[in-house]
Amino acid sequence: MGLSWRPQNCYPFRMTRIDRYLIVLFVRVFLVCFLTLAGLLIVAQIFTNLDELIQYGRIRGSLPLALAEYFGPVLLTIFDRTCALTALLSLLFVVAWLYRTNEWTAMLAAGVSKARVIRPLLFVCLVVIFASAISRELWIPKYSHILTRKPQDLQGVERVLPIRPTEDSQYGLLIAGKSIASTSQTIRNPVFVLFGPASSVVGQIQAESALYQEASESLPAGYLVQGLGQAKFLQQPSVVVEGLDYLRLPSDTPGLKPDECFIPSSVEFDMLRGSTAKQFASTSDLIWRARNQGDYYGDDLQMLIHQRFMQPFSDATQLLLGLPLVLTSRRRNVVQLTIACLLTFGVFFGISVSL
């Protein structure tokens, strides 16, 4: 076999030559499995949205550059969702290869237990699960602005979505409207019902559009309401209570046009989409939202945070459930083992989702 194993020198944390051989073999198989699975998913998306991607490639100047820019972050999400299954299949194929080349028999004949052979492979599987958790918390949130876009959005075409009326208890207002445009973060035909301090000036504001703006040095986060026409309340002074802005009007706010006003709000634009939370946000961001914006998201946000903490343990459990199938008799067909692993993974996933 050309590889030496000395059981008397195998300390618990010492890596031997056969350990390095198994790890390298596992990494190769894992890359092949992951790239094959990811390639199938990406190719399906490319052919489904070929016209949009070609047009986006013309805008970017190069189709390969456009594909890399869009599908690069998608690879991270595929890795996050399939790392446990891919690691289990890679472990299965490595053990099958050792059986095929009789290396497994040679190691067992040398007095090496199955647990000792499988130990470096399990270690690499845990590294893969840990890398998935790191990607989920550090890398994926950086590309959330790309991952939330569909190929139809790459050309700058606005997607019109229904709006979920949302109450802002901090500033005392209710935000509603006809629809929202996701790319420009604009509310079409907005309706703001004021019941806080700003209600002393006006009870309801209707306009043509409202543009969400992040906090700046001069204004807090909120909505720039446009197309108010000749509304009478625009001539009154802004509503500021104890240094907190509740309604900024053009009469004393530089930069506002005569038919505009600015309504500060703690309701971010994403909340108006009706989703429970940002799908690609980090756990720390979700915890902050649960503490400060829990009333807007409800119990689903707490469930999502719980899932984030339990995800690494869930991936490890899926791996361990399939491990007995991997270590069964070598007479079993590899295809049968693969199907059994997929069924075990599917049953576990179905039960975890239903709970």
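Predicted model: local features only at pLDDT ≥ 70, side-chain atom pairs only at ≥ 80, totals over all residues.
Six strands form an open sheet in the order 1-4-5-8-9-12, and their pairing is antiparallel. Strand 1 (160-161) and strand 12 stand at the two edges; each has a single partner strand, so one side of each is left without a neighbour in the sheet. In general, the strands of a sheet pair through backbone hydrogen bonds, in either a parallel or an antiparallel manner.

Individual pairs can be followed across this sheet. Strand 1 is joined to strand 4 (residues 179-181) by two bridges in the antiparallel sense, and Val 160 is placed opposite Ala 181 of strand 4. Further along the order, strand 5 (residues 186-188) pairs with strand 8 over three bridges, again in the antiparallel sense. In that pair, Ile 187 faces Ala 210 of strand 8. Strand 8 is also linked to strand 9 by five bridges, and these two strands run antiparallel. Here Gln 213 stands opposite Gly 222 in strand 9.

Several loop residues were then examined. The loop between strand 8 (209-213) and strand 9 (222-226) contains Glu 214. With a relative accessibility of 58%, Glu 214 counts as exposed, because the threshold for that class is over 50%. Beyond residues up to four places away in sequence, Glu 214 touches Pro 220 and Ala 221. Glu 214 and Phe 269 are separated by 55 residues in sequence, while their C-alpha atoms are 9.9 Å apart in space.

Ser 266 is located in another loop, between strand 12 (261-264) and helix 7 (283-292). A relative accessibility of 18% places Ser 266 among the buried residues, because buried means under 20%. When residues up to four places away in sequence are left out, the contacts of Ser 266 are Asp 168, Gln 170, Tyr 171, Met 271, Gln 293 and Tyr 296.

Two loop residues have a positive phi angle although neither is a glycine. For Asn 102 the value is about 65 degrees, and this residue lies in the loop between helix 3 and helix 4 (103-109). Asn 102 is partly exposed, at 48% relative accessible area. For Gln 185 the positive phi is about 55 degrees. Gln 185 belongs to the loop between strand 4 and strand 5 and is likewise partly exposed, at 25% relative accessibility.

With regard to the cysteines, the structure holds zero disulfides. Cys 83 is in no disulfide, and the nearest cysteine sulfur, belonging to Cys 125, is 9.9 Å away. Cys 83 counts as buried, with 1% relative accessibility. Cys 261 is also buried, at 0% relative accessible area.

Finally, the surface carries a nonpolar patch of about 420 Å², made by Val 43, Phe 47, Leu 50, Ile 54 and Leu 63. Helix 1 (17-48) and helix 2 (50-60) are the elements that give two or more residues to this patch. Leu 63 lies in helix 3 (residues 63-100). The relative accessible area of Leu 63 is 35%, so this residue is partly exposed.

Technical notes. Residues numbered from 1 in each chain as written. Heavy atoms only, no water. Patch = residues over 30% accessible without salt bridge, like charges linked within 9 Å, V, L, I, M, F, W, Y side chains within 5 Å. Areas by Shrake-Rupley, 256 points an atom, 1.4 Å probe, with all protein chains shown as cover. Salt bridge = Lys/Arg side-chain N within 4 Å of Asp/Glu carboxyl O. Helix = DSSP H or I, 4+ residues; strand = E, 2+ residues; numbered from the N terminus. Buried < 20%, exposed > 50% of the residue type's maximum accessible area, 1.4 Å probe, protein only. Contact = heavy atoms within 4.5 Å. Disulfide = S-S within 2.5 Å. Pairing = 2+ DSSP bridges.
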